[in-house]
Amino acid sequence: VQQHCNPIQKVAESAAKGFELGIACGDTVSAFLNAVQHIRLSIMGGRRLPDVLRETDKYLSIIGHHRNTLSTAYLSIYRQMIATLTGINSGVTTDQGESGEAPEQVYGNRRTLLSHFQQAWQSFWLGYNERCHHYCEKLLGMTQLGGHHRILANFYYGLNSFSLSRKGQLIKAAKLKQVTKDALIVMREAEEVSKWNYRNKVFLLQAEIHSHEGKIDEAEAA
């Protein structure tokens with residue numbers, strides 16, 4: 001509940017403290033779960049990616065000594081996304097080899113969800129709009145999708161649809177309208193829980209909708 005109601009940056013800081021406390025008292029399971037949360041929420045909260053990459057490598061180094069395959073796998077997925085977006089690769093290695101992936105049976109559907117989320121997110125920011133659209137649809141079709149992943153998948157699905165429309169690609173006007181309407185509903189529901197985390201995204205979607213409809217004054221106001 002905390003991570004949805006409170007500023008996501010503060011929750012990320014709490015997770016970092018949870019990691020330190022877990023290590024200090026010998027509770028490595030709790031510590032490593034907090035490490036994963038810290039990196040995930042830092043990315044979602046908009047922290048500088050080179051800083052998040054350094055934190056991720058620190059965690060991977062510590063967790064690697066304990067041979068915790070599951071936490072290493074999660075962190076490796078986030079690390080790969082950060083490295084792709086920043087073009088930075090510090091050369092950190094794990095016991096999983098170059099792919100940074102744990103065996104499929106270790107975390108099955110959860111790994112698939114994170115992999116799709118990684119692909120959708122990085123594709124959006126790299127300008128690969130068709131790929132972003134593809135992975136957002138895969139994400140939104142997953143019954144396991146929830147929390148921040150569900151909210152942000154809807155947000156990027158809606159926002160990315162405008163990029164496709166401007167390029168004259170893939171998405172028809174009727175579908176664009178429905179996709180953005182659905183995304184706005186999800187974001188407004190999220191805004192009710194946390195204005196800090198989601199109001200800016202509601203405004204951005206509203207601005208894109210108004211701009212697409214030729215309502216320039218309303219777009220600027222949003």
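**Entry 1: terms and model.** I begin with what a helix means here: helices are DSSP runs of H or I that hold at least four residues, and they are numbered from the N terminus. I also note at the outset that the model I am looking at is predicted.

**Entry 2: helix α2.** I looked up α2 and found that this helix takes in residues 8-24, which makes 17 residues. From its first C-alpha to its last, α2 reaches 24 Å, close to the 24 Å expected at 1.5 Å a residue. Just after α2 I came to Gly-26, which takes a positive phi of about 80 degrees.

Which residues of α2 are buried? I listed Ile-8, Val-11, Ala-12, Ala-15, Ala-16, Gly-18, Phe-19 and Gly-22. These residues lie on the same side of α2, because they cover an arc of only 155 degrees around the axis. I then turned to the face of α2 that points away from the buried side, and there I noted the exposed residues Lys-10, Lys-17, Glu-20, Leu-21 and Ala-24.

**Entry 3: the largest pocket.** I next looked up the largest pocket, for which I have a volume of about 410 Å³. Its lining is made of 25 residues, and the closest to the centre of the pocket are Ile-43, Met-44, Gly-45, Gly-46 and Lys-201. I find that α2 is one of the elements giving two or more residues to this lining, and that the others are α3 (28-44), α5 (69-86), α6, α8 and α10 (195-212). Which element gives the largest share of the lining of this pocket? I put down α10, with six residues. Sorted by class, the lining of the largest pocket has 17 nonpolar, six polar and two charged residues.

**Entry 4: the cavity.** I then asked how many cavities of 30 Å³ or more a search of the whole structure finds. Phe-117, Ala-120, Trp-121, Leu-139, Leu-152, Ala-153 and Tyr-156 line the cavity. By class, I count seven nonpolar residues in this lining, with no polar and no charged ones. The helices α6 (104-126) and α8 (147-166) each supply at least two residues of the cavity lining, and I recall that α6 and α8 also give residues to the lining of the largest pocket.

Entry 5: Is Ser-42 buried or exposed? Ser-42 has 5% relative accessibility, so I record it as buried, the cut-off for that word being under 20%. I also noted Gln-9, which is 33 residues away from Ser-42 in sequence, although the two C-alpha atoms are 6.5 Å apart in space.

Ser-194 lies in the loop between α9 (173-193) and α10. Its relative accessibility is 2%, and therefore Ser-194 counts as buried. I found a polar contact of 3.0 Å that joins the side chain of Ser-194 to that of Asn-197.

Finally I looked up Val-179, which is found in helix α9. Val-179 counts as buried because its relative accessibility is 7%. Leu-159 is 20 residues away from Val-179 along the chain, and I have the separation of their C-alpha atoms as 9.2 Å.

How values were computed. Residues numbered from 1 in each chain as written. Predicted model: local features only at pLDDT ≥ 70, side-chain atom pairs only at ≥ 80, totals over all residues. Heavy atoms only, no water. 1 Å grid on protein atoms, 1.4 Å probe; cavity = no way out; pocket = protein on both sides within 12 Å on 5 of 7 lines; lining within 4 Å. Points joined across faces, edges and corners; volume = space filled by probe spheres on them. Nonpolar A, V, L, I, M, F, W, Y, C, P; charged D, E, K, R; others polar. Expected span 1.5 Å × (residues − 1). Buried < 20%, exposed > 50% of the residue type's maximum accessible area, 1.4 Å probe, protein only. Arc of directions from axis to C-beta. Polar contact = N/O pair within 3.5 Å; in protein donor to acceptor, adjacent residues only side chain to side chain.
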